[in-house]
Amino acid sequence: MSPFHAIVARHALAAFPARKEARHRCLRYFGEQLGDVPCLEPVDVADHVDMGAWYGYKPLYRPEALGGVPRPVLIEALRAEGMEVGAPSGPRLSTLPLYARPENPLFPGTPKKGIAPESGSHAEHVEQHALSLPTFTNWPEDKELIDQYAEAFRKIDRHREALVRYAADPAR
């Protein structure tokens, strides 16, 4: 590491505790705001747990609370409300060749036990139901934006019948 990069790192690390706490406050507040949205299961992190960093906010979608609307249709509706939202981009680790295949791709000829992905596992449920939302980091500046996101979810819930009809329309 060069002396310049060491100085930059030292100053960045000095600000890290405050930045981490601001991020945690934003995401705890976001979870509280989403607590009254029936189609979501907010991320629950115990007070004594330190998440360190977040790679997006990933609540779980409960399709049964929204008339069975498929997750892609919910995402489409939320994006129409101006939200940055999607499905998480990474697959379950157990579906990747490194874990699922019996041959070792890193050390050919070295035996290993392949672990096939399990149907009905918690990991599969999360993969199929998680939403990927932004990680808000600036408390209290991001509070207004967090409130707008929560209100978009509430709006979707208030108009769930229309969304169910839209999802069932083959012409969409």
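1. Gly-68 is partly exposed, at 45% relative accessibility; buried here means under 20% relative accessible area, exposed over 50%, and partly exposed in between (1.4 Å probe, protein chains only). Gly-68 sits in the loop between E2 and H2; helices (H or I, at least four residues) and strands (E, at least two) are DSSP runs, numbered from the N terminus. Along the sequence Gly-68 is 29 residues from Cys-39, and their C-alpha atoms are 10.0 Å apart in space.

2. On provenance, this is a predicted model, in which local features need pLDDT of at least 70 and side-chain atom pairs count only at pLDDT 80 or more, while totals for chains, interfaces and linings use all residues. Residues are numbered from 1 along each chain as its sequence is written, and side-chain values use heavy atoms, with hydrogens and water left out.

3. The loop between E2 and H2 also holds Pro-63, which counts as buried at 18% relative accessibility. Pro-63 is in contact (heavy atoms within 4.5 Å) with Gly-68, Val-69 and His-129, leaving aside neighbours within four places in sequence. Pro-63 and His-129 are 66 residues apart along the chain, and 8.2 Å separates their C-alpha atoms.

4. Helix H2 contributes Arg-71, Val-73, Leu-74, Ile-75, Ala-77 and Leu-78 as buried residues. The elements that cover them include strand E2 (60-61), H4, H5 and H6. Just after H2, Gly-82 takes a positive phi of about 90 degrees.

5. Which helix packs against H5 (residues 143-158) at an angle of about 75 degrees? The partner is helix H6 (residues 160-168), and the two axes are 5 Å apart. Axes are lines fitted to C-alpha atoms, for helices over the stretch in contact, and angles run from 0 to 180 degrees between N-to-C directions. H5 and H6 are therefore roughly perpendicular to each other, a class that covers 65 to 115 degrees, with angles under 35 counted as roughly parallel, over 145 as roughly antiparallel and the rest as oblique.

6. In this contact, Ile-156, Asp-157 and Arg-158 of H5 meet Arg-160, Glu-161 and Leu-163 of H6. The residues of the contact divide into two nonpolar, no polar and four charged. In that division Ala, Val, Leu, Ile, Met, Phe, Trp, Tyr, Cys and Pro count as nonpolar, Asp, Glu, Lys and Arg as charged, and the others, Gly among them, as polar.

7. Asp-142 is buried yet has no salt bridge, and the nearest side chain of opposite charge, Arg-23, is 8.4 Å away. Not counting residues up to four places away in sequence, Asp-142 touches Cys-26, Phe-136 and Thr-137.

8. How many salt bridges are counted? The count comes to eight, a salt bridge being a side-chain nitrogen of Lys or Arg within 4 Å of a carboxyl oxygen of Asp or Glu. One of them joins the side chains of Arg-28 and Glu-21 (3.0 Å, N to O). Arg-28 is partly exposed at 39% relative accessibility, and Glu-21 is partly exposed with a relative accessible area of 38%.

9. Lys-155 and Glu-81 form a salt bridge through their side chains (3.2 Å, N to O). Lys-155 lies in helix H5 and Glu-81 in the loop between helix H2 (71-80) and helix H3 (97-100), so the pair ties together parts that are 74 residues apart in sequence. Lys-155 counts as partly exposed at 31% relative accessibility, as does Glu-81 with a relative accessible area of 35%.

10. Because they are four residues apart in helix H5, Lys-143 and Asp-147 are separated by about one helical turn. Lys-143 is partly exposed at 32% relative accessibility, and Asp-147 is partly exposed with a relative accessible area of 25%.

Note on methods:
Lys, Arg positive; Asp, Glu negative; His and termini not counted.
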